Structures are given as structure tokens and as C-alpha cells.
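Keep the structure open as you read.

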Amino acid sequence: MAELNYVGKRIPRCDAQAKVTGRAVYINDRKRPGMLYGAILYSPHPHARIRHIDVSKARALPGVRAVITGEDIPDIPLGFMKDNRPLKKGKVRSVRDEVAAVAAIDPDIAAEALELIEVDYEPLPGVFTPEEALAPDAPLIHEVDPKGRPRKDNRLPLVWELKCGDLEEGKARSRYTIRERFSTTFVSHCCLGTSGVIAEFDLEHNLTMYSVTQIPFLAQNDYRAALEALGLKDRRVRVVCQTIGGGFGSKLDTHCYEFIAILLAFATGKPVKIQFSREEEFRAQPTRQPTLTEIAMGCDAEGRLTFREVRMLLDNGAYTSWGATTPSVMMVPISSLYRVPHVYYRAELAYTNNLYSQAFRGYGNPQATFAVESAMDLLAAEAGWDPVEFRLHNANQPNEVTPQKFHITSCGLKECIERVRDGLGWEEHQRRKATGDNRRGSKVRGMGLASLIHVGGGARVYRSDGHGMMMKLDDFGKLSVFTGAVEIGQGTISTLRQVVAECVGLRLEDVHIVFHDTDLCPWDVGTHASRQAFISCNAALACGRKLREKILERAAEQLGVPAEELELKESRIYPRSKPEESVPLAKVLRRAHFAPRGTILMAEAFYDPPNQMLDKELKGNLSCAWAFGCHGVEVEVDTETGQVRILNYQAAHDVGTALNPMFLEGQIYGAAVMGTGYALTEELVLKEGQILNGNFTDYKLLTAKDVVPVTPIIVETHDPAGPYGAKGIGEPGCVPSAPAIANAIYDAVGVRLRDLPMTPERLLKALREKEKQAA
């Protein structure tokens, strides 16, 4: 990478100054002429019939321009299984259910109007765990399915079942086996930028959405369904993304509030803005998918894994979003983390009266890896292996095919494990532990580690996993790059700028990225699945090479030198044999433009990676590159208070190639802190469907004062499918944190915590139980 000008270099982000100086325009900042303010009335009950809604007082309030309920709007089915509606009628099924909405000339009047709406409810019995929901006498959450057919129970007609090899044969070959159960809970994305949208119709009823979505082109299609329901089938939809203050998957679906804004804008003929408060964000934004997991695993006498059996029960909540599809990624580490020949996985989902779940960084992988990597330590102990050596013994290798038919090309898992082992001082810790030197009074030190596998080369969950790109040069050598990529804070736009400048041969300052507008930019499936840098930079290479070829053709005509003998670098063109005879690119472009029958130079490309959708057996090469990593921690556990302090956090990631090491380190820092919060402190507490801690005072999100000492370790393996060899890194950094910390706690004090978060209360309880058993 040394010969490259920009790729692989620590170049600051191009949007950094705008953000730190307050010039970046977030949805909070956006206003439109004549704009009204929308507000939503939510159900106070987790399960109730709506007997009657009286909105007359709200409509009479001066300054109110519209009040709507479920009875006033056309049917607009929402969600992965079309079981949700923008405004509910007849029945509410959770405390985040939208019952009515208003539009007013300012937010205060809108809030006052909500207080004037009178709703008569008949509370109904609820179910608040998936086990309760599947009981024979459980009240039905949905009496009919989306097609109007009666339901018999609360089980979703969506069962994920993967069979690889012969499970019974694997069990028969096992010398050592373990079986355990684990659970994970509700957590919130906690984006610093809360959700918001502005819906605006022009005089011809074309719709513009000023949005914070991660999927503008998929959202555009969803919004068209709303227009069709309003009798506006042939109207255009434009999505203009604002600066996004964090996504983490929270903006990977279209949500009820967006459609409510559309309905209010249509009713009033004015732009309508809905902006969530922090409390509303906790209440109305879906969470990470909670799980109940039973896992069994075995190895033979030589320590080789023989089988892995996992069964999950998922709390779906009251409606279905992308959380219901997270088993499609949960099965990735279950089937393919380490070499295990025989695998069985089954996941079922149940409707409850809780909040529903959606995409969240890692898309189910953190939940599954918590169980898998905790079980790896248990099995290693059962078989008498050191946890590090057991993992190295079974580690994935390059150029192999996993039982789920994933094609592993580059793989640096062994190096990641070894780098973490050395960074922790693993062997020295084992010597100290053997002599008791890891204990000082009530404080005991322990070490643990956990590995990961995740998609790193796109993920074909839609029919197209592609990305379109266009490039346009002006007369002065300035390049405009039109991309469908969405920037959610990960640095994609800056990385893309580096790759474009490199592959075309321009100065970095001559490259300008145009993004976040469906009217201007080509199609992209969205920012998710750690795909954006891999996909968009591959599109940039394809498009940039076309443009470079056109430039050199024009330069060859003007300079009288064959194109193949010319070089374009730093926005100057010269014969390779005579670099001192360089000419500015801008001069070549102007000559091409103003010549007889002149031309301007543009190029376009569409990159769709060579990956596969999972087949009917849930097998196939979902991603054309696979990201690996290993995290290790040293903890200090206070046996008197239950507090866990992280002293050393080593995070090694196989990234293929580091397009910008500084951005990669930032991703690893942030993800490791997010994973640590998931492990130790974060839980959205629900009691009988009610949220008890929906604010930043009571929701225990780690702050700057709690940041752990993370050491990012970048392992480069150069993947053949990646742009300059790179693989995705957006999600993997939060995947192995919880099991690494759980394993370290066990190493310190000998108690296995099976439920997240691993709070001081839970740890103290486990220690007291251990003391009772010893007594």
C-alpha cells in the first residue's frame, strides 16, 4: 500500500468540520415554508380495546390544522409481515401503539391538542414473555393474520431451521459435551440524533420526504404504497436524507411516524414535521431482539468440535419488523464460527405485548455469539483445554467452505486470537492465577476472550445487493461523484472520496461526493450489513476505471502519445517516460469540451457482488467476503460490590485491507464500548409491557467517563473480492464483547453469568449462590 497516495492513509473525515462547528444540517435543524408540527398520541395500555375516541376538543383548539385517528385513514399495512398500521383502530397491543395524531402551527399547541383527545379503553389481559405467549390459554395478540384468517395462537408463522451434516453422528463422535442456556434482553439504539421526518407534497401531489433513513431507495418504495392508498399511485417520491446522528440499524425500516407525517401533510396541504423527544425515542423506536437460547456442543478426544445444537425462542413483541429476521444472521456464528461439521439450529418467535424489535448493529450476531463463545469456554474446561489453544485448534482457515456453504476466502482468525493473547499477557496471567497473585483483598482479576465471524462482503438479503454510481468532471478537473450510499457516522463518504481519488488519479480536494438524494443519486440497497464501504468502493473502482480510460483517450489525442503510455496522477497527465512533461487535467478537459463536436467526460457503473441469497435449506454464500476477529479483556471483579472494571481490552479485526486505519480504529473503539454496555449495564426494563427507564437518567448507557481502555489491532489479509482488498467492519466490533467479558468474569471468580446484562446485582447473587453450594 506504500505506493498509493490516499488508500491506506490516516486522512481526516471530510464532514468533520461541518459537524464540530454546527454547520451540518440535522433533521432537528430542517424547516420548510409553512411547516406544521406533528405529534402522536400513544396508548397507555399494553393491551386494550379502543371503545371510543373523541377528538372534538383537539380539533377546536386554535392553531390545530388536523387531527386524525385510525378511522380517518386508508389501510396501509406496514412491517415485515404487514401486521402493523400507522394508526391503530379497534385495539392496541403495546404501549408504543399510535392511536391519534395532530398537526399544529407549533409544537406546544400540538402537545396541548394531544391532551384534549379523549380515548375510552377496555384493558385486556396481556402476555409479556414468549413462554407466556405460547401457553395454550394465552390471550391472542392478533386475532387474525394479515390475510384475515383466524389465528389459533401467538406463534409467528416464521420458523428458522438449519440442518448441516448429521447431528446424531456428531453427538456419537463426542467425547466431551456441554449443554447450557443463555438469555439477552431489550436494549435501545440510543442514537444521539432522535428520529424525525418532514413530509411535503407539491401542488401536483408529488411527495418529498426529508428523512434520516438508512435505506432511502427501499423507503421510497414503501412511501409509494402510502401514496397508492391515498389514490396517488402515479405520483413521484423523493427522499432527501439529512445529516444522520447515528443509525445502528434503527433507521433500517420505515416506521409508523413517517407514514403519519405523510397522512398529516396530505390532510393539511402543508409540510409536516415530526421530531421525537428522547423519551419518545425510547418508547416508539423498536429495540434489539431479545433471545432465550439453549445450546449444546461437543468435541472429540483430540479437542476437535463435533457438533453444535442451538434452539432459540424470540420475543417478537406486538408487531413484526426486521428483528424477526435476525435468525438469518444468528445462524452465521452458530454454523460457521470455528470448524464444526454437524450443526442444528432452530428459532421460533412469539407475539407478546412488549415493544417489537428491529435491526441493531450485528443483526442478531451478538446474541448468538454470546451463547456460542460462552459455550466454547465451558467445553474447553470440560475437555481440559486452555481457552486460547482450544480456539486456535478449531479456528477457521482460508479457502474453506463451511457447513452452511459459506466460502471463506481470506481469514485472519488465528492471527487475531494470537494477537489478543499476546496483548493481554495471557500466559503471565495464568502463572499469576496459579499462585493466587491475581487477587488483592476483595478484588480478583481474570481474563477472557471471544471470537467472531460476520458478513464482510455485502449480504444478499434482497434480490439486489448492488450499488449504482455516476461520475462527472467539469472543465476545471473537479469531479462530482453521485452515490446512493448513506452516511450514518461510519465514514463511508470520506473513504469513498479516498478510493475515487486513488483509482481515477486526482487530488483528494478535487473529489466531491453527492449523496442522500434519490432524485440525484443512483440506486443502492442501503447502509446495513457492514456492506457500504465494500460495495460502494467496488462500484467506485468500476466507475473510476471507466472514467480514467476516457480521460487518457482524450489526452492521447491531444498529446500524440498512446493512451497506454500515459499516467494520470494528482490531477496531472504525463508520459510515463517523461514525467516532467505533465499537463493539468483541467487543460485536457477544456480542450475536449471546446473542440469541434466537443464532449464532457462522465461515467457510470453498477456493482452487484457475486454473493448468493440463502436457499430453501438456508445455505449459500451469503457474503462474498467474511470478516473475522477476536476480543479479549482483563477484568477486575470486586467480590464485595459486584462491580466489574475492565483493565485491558484488546480488539483484533481481520479487515482485509485498512482503507483508512483511523476510521477503522474509530469503528472498533465505538463498537467495543457499545458491546461493553450491552454486556454490563444496558437494559430497557419492561414490566407488564410498561417501560420503566425510558430516559438517559435511568437507562444505563456508558458515557465518556466509562470508556474502557480499548487497543484496536488491525489484521490485514487482503481479500480478493474487496476494494483494494478491504472487508466490512461496521458491525463486528460489538459482536464478541459480552462473551469475552463473561468468560473473564468466570476466570476471575468462577461463576458463569448466563443472562445479559451482567449487572453487579446478578454477579453478587451468583457469588452468594456459589458460596452456599460450597458450604
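Phe-80, Trp-322 and Tyr-462 form a cluster, linked by ring pairs. The model is a predicted one. In total, it holds 12 aromatic pairs.

How is such a pair described? Start with Tyr-257 and Phe-276. Their ring centres are 4.8 Å apart and their planes meet at 55°, so this pair is tilted. Tyr-257 belongs to helix α7 (residues 256–268), while Phe-276 is in the loop between β12 (272–275) and α8 (278–284), so the pair ties together parts 19 residues apart in sequence. Both Tyr-257 and Phe-276 are buried.

The rings of Trp-322 and Tyr-462 have centres 6.3 Å apart and planes at 85°, so they pair edge-to-face. Trp-322 sits in the loop between β14 (305–317) and α9 (327–336), and Tyr-462 in the loop between β19 (443–455) and β20 (467–473), so parts 140 residues apart in sequence are tied together. Trp-322 and Tyr-462 are both buried.

Rings also meet charges here. Arg-288 lies over the face of Phe-360, 4.0 Å from the ring centre. The charged end of Arg-752 sits over the ring of Tyr-746, at 4.9 Å from its centre.

In soluble globular proteins, nonpolar side chains tend to be buried together. The largest nonpolar core has 114 residues, and Tyr-345 and Trp-626 are among those that touch the most other members. Helix α10 (residues 365–383) gives the most to this core, with 10 residues. A second, separate core has 49 residues, including Phe-534 and Leu-659.

Conventions: Residues numbered from 1 in each chain as written. Predicted model: local features only at pLDDT ≥ 70, side-chain atom pairs only at ≥ 80, totals over all residues. Heavy atoms only, no water. Core = buried A, V, L, I, M, F, W, Y, C linked by side-chain atoms within 4.5 Å. Buried < 20%, exposed > 50% of the residue type's maximum accessible area, 1.4 Å probe, protein only. Helix = DSSP H or I, 4+ residues; strand = E, 2+ residues; numbered from the N terminus. Phe/Tyr/Trp six-rings, centres within 6.5 Å; stacked < 30°, edge-to-face > 60°. Lys NZ or Arg CZ within 6 Å of the ring centre and 35° of its normal.
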